[in-house]
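Please read them with the coordinates open.

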Amino acid sequence: MQPFKLLLTAVACGIITHQVQAMTDHELIREIIRTTQPLSQPRGDRLPLYLWPAHNLGTEDESEIVELLQQLEARGIAAIATWRPYDQAALDEALRLGTIQQRLGLPIAVNANACTYSFFDGDERTAHVDDQGKPFFDPSFGHQPMGCPFALDFRLPEMRRRLAEPSAAYAGAGLELHFVFADWEIDGPIEWNGAWEHSRRCTRCREHIPDIEDFTSFQTSLRQIRSALQRQMLAEPILEHHPHALVGNYAVYPHNGYRYWFDYFEEFVEGAPHKIDGRARYRKWYHEFPETGYTFAMPVVYTWQDIYGWYDFDAPDYRWFYNMLKVGSNAGKSTPADIPVITFVHWHTVLLSDPPPPGLQQFSEEKYQELLWHLLLRGHDTLFMWSVKDEALKESQLVHQVYAASHEYGDFLLHGEPVTFAVPARPGPVVSAVRWDGKLLVRRTDFDATQEPVELQLEDRTLLIPRKDGQCQVIALE
Ligand SMILES: [Zn+2]
């Protein structure tokens, strides 16, 4: 999600983005605070909102750190520390932030990503082996030398230590970690791109994968290893010292057996089982989440450029909304109620090419915010806005407006139960609803001119939901 995207993401036009690019991290966080409103009530038990720019407060001054943390908490926004492998100065800074957060009664959040790279570090021992006994790598994932899934055991102690040491340091300082995430993506076994082809050429892979000519068998073997590596590297070292921590990884979440989106580095593999919808190919996916030991789910609901061309809906916004709601509904429906869902979101078209594909229309602000509401009403507990710097201010404002407004319905979102995960196959009214305490919190969003009420089935009852653009509705259930 990071290095390539930073290079590839086209900069949206406009003077504001240039101003943001010129800002220091400190100026940016100040500008986010200045342009967002404090919550109308304390955050309470709701999870905070995570914003990518809140990684760095840009100041060493303790009184200013305290002031910034309080301003952010008033808005429900978490500040996030960054761990780096074997970097004592970075760890000291992170511990200092955590100490202040805990003193203020704020949850400690950590980006552990840098510590998770890389299992495939270029060491020849991690390579595949051909029939002549020669090592070889799979170059189909860009610069990362992807190697043999069955050659990584010797890397595990080193990778685990990178997470175990800071985890223990927090415990030793009496600090309790609340939220630890990584963005571990292009590393370890992945079944896409050229992986299948390379594994079939590897004597070790052929020996270990029972039916390597069957893609599902290949996928299962790789995802089982990938899940175990994540559990041993990330989940266990954190939970050993911080048993109540939320620990998870980008794009790892419970699902219905299919994935409705592609990451920026992934290419479809011919022969892989999939479902077709328009020009989209939804890939069959392995149920990896339970094997990782993660304690929260982290779906990815992004405006990937390609989504727009997959569907032919006349309503341009519905091309985005339809796919993103499918992704979000899949995660929301499949994740047990006691596992928080913390969802990566993004509004500006991701990986917009230059020039953009003919006819592509950016997702509207209005319907993006509607989408965020529907996620919250479909079991997503909070949101994590990822962004490059140019887009970060606007992205922060859009997501924060919805998050802040949702606190009016905090009890529904904390204690309620979603009643529908339906995604209409054509543009029209879309309804999400959460039931709590004899009431229903409803959001209806329309993609055509229909003014009629729509039916919502609730067990044996049929409710009529009127159109109310841009508003939530609370309906008494007697
Ligand atoms: Zn191999």
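1. Confidence. This is a predicted model. Mean pLDDT for the protein is 95. Of its residues, 96% reach 70 or more. The exception to flag is residues 1-14, where the pLDDT is below 50. Beyond near neighbours in sequence, that stretch still has 25 contacts in the model. Please read those contacts with the pLDDT in mind.

2. Parallel sheet. Which strand order does the open sheet of five strands follow? The order is S2-S1-S14-S13-S12, and the pairing is parallel. Strand S2 (77-78) and strand S12 (300-301) stand at the edges. Each has a single partner strand, so one side of each is left without a neighbour in the sheet.

3. S12 pairs with strand S13 (residues 342-345) in the parallel sense, over two bridges.

4. Antiparallel sheet. A further open sheet has three strands, in the order S9-S11-S10, with antiparallel pairing. Its edges are strand S9 (258-259) and strand S10 (274-277). Each edge strand has a single partner, so one side of each lacks a neighbour in the sheet. S9 pairs with strand S11 (residues 280-284) over two bridges, in the antiparallel sense. Arg259 stands opposite Arg283 in S11. As background, strands of a sheet pair through backbone hydrogen bonds, either parallel or antiparallel.

5. H6 against H9. Helix H6 (residues 156-172) packs on helix H9 (residues 215-241) at an angle of about 25 degrees. Their axes are 8 Å apart. Angles under 35 degrees count as roughly parallel, so H6 is roughly parallel to H9. H6 passes H9 in a right-handed crossing. On the H6 side, the contact is made by Leu156, Met159, Arg160, Leu163, Ala164, Ser167, Ala168, Tyr170 and Ala171. H9 supplies Gln232, Met233, Leu234, Pro237, Ile238 and His241. By class, the residues of this contact divide into eleven nonpolar, three polar and one charged.

6. H3 against H14. Helix H3 (residues 25-34) and helix H14 (residues 389-406) pack at about 25 degrees, with axes 10 Å apart. That angle makes H3 roughly parallel to H14. The crossing is right-handed. Leu28, Glu31 and Ile32 in H3 meet Ala392, Leu393 and Ser396 in H14. The contact of H3 with H14 has four nonpolar residues, one polar and one charged.

7. H13 against H14. H14 also packs with helix H13 (residues 365-376), here at an angle of about 45 degrees. The axes of H13 and H14 are 10 Å apart. Are H13 and H14 parallel or oblique to each other? They are oblique. The crossing of H13 and H14 is right-handed. H13 contributes Glu365, Tyr368, Gln369, Leu372, Trp373 and Leu376 to the contact. H14 contributes Leu398, Val399, Gln401, Val402 and Ser406. Seven of the residues in the contact of H13 with H14 are nonpolar, three polar and one charged.

8. Cis peptides. Ser118 is found in the loop between strand S4 (108-111) and strand S5 (128-129). A cis peptide bond also joins Asp354 and Pro355, with omega about 0 degrees. Pro355 lies in the loop between S13 and H13. Both sites deserve a look, because most peptide bonds are trans.

9. Positive phi. Tyr86 is not a glycine, yet has a positive phi of about 55 degrees. Where is Tyr86 found? Tyr86 is in the loop between strand S3 (80-82) and helix H5 (88-103). For context, most residues other than glycine have a negative phi.

Conventions
Residues are numbered from 1 along each chain as its sequence is written. This is a predicted model: local features need pLDDT of at least 70, side-chain atom pairs count only at pLDDT 80 or more; totals for chains, interfaces and linings use all residues. Axes are lines fitted to C-alpha atoms, for helices over the stretch in contact, and angles run from 0 to 180 degrees between N-to-C directions. Helices (H or I, at least four residues) and strands (E, at least two) are DSSP runs, numbered from the N terminus. Angles under 35 degrees count as roughly parallel, over 145 as roughly antiparallel, 65 to 115 as roughly perpendicular and the rest as oblique. A crossing is left-handed if the near helix is turned anticlockwise from the far one by less than a right angle, and right-handed if clockwise. Two residues are in contact if their C-beta atoms, placed from the backbone, lie within 7 Å. Ala, Val, Leu, Ile, Met, Phe, Trp, Tyr, Cys and Pro count as nonpolar, Asp, Glu, Lys and Arg as charged, and the others, Gly among them, as polar. pLDDT is the predictor's confidence in each residue, from 0 to 100. Two strands pair if DSSP finds at least two bridges between them.
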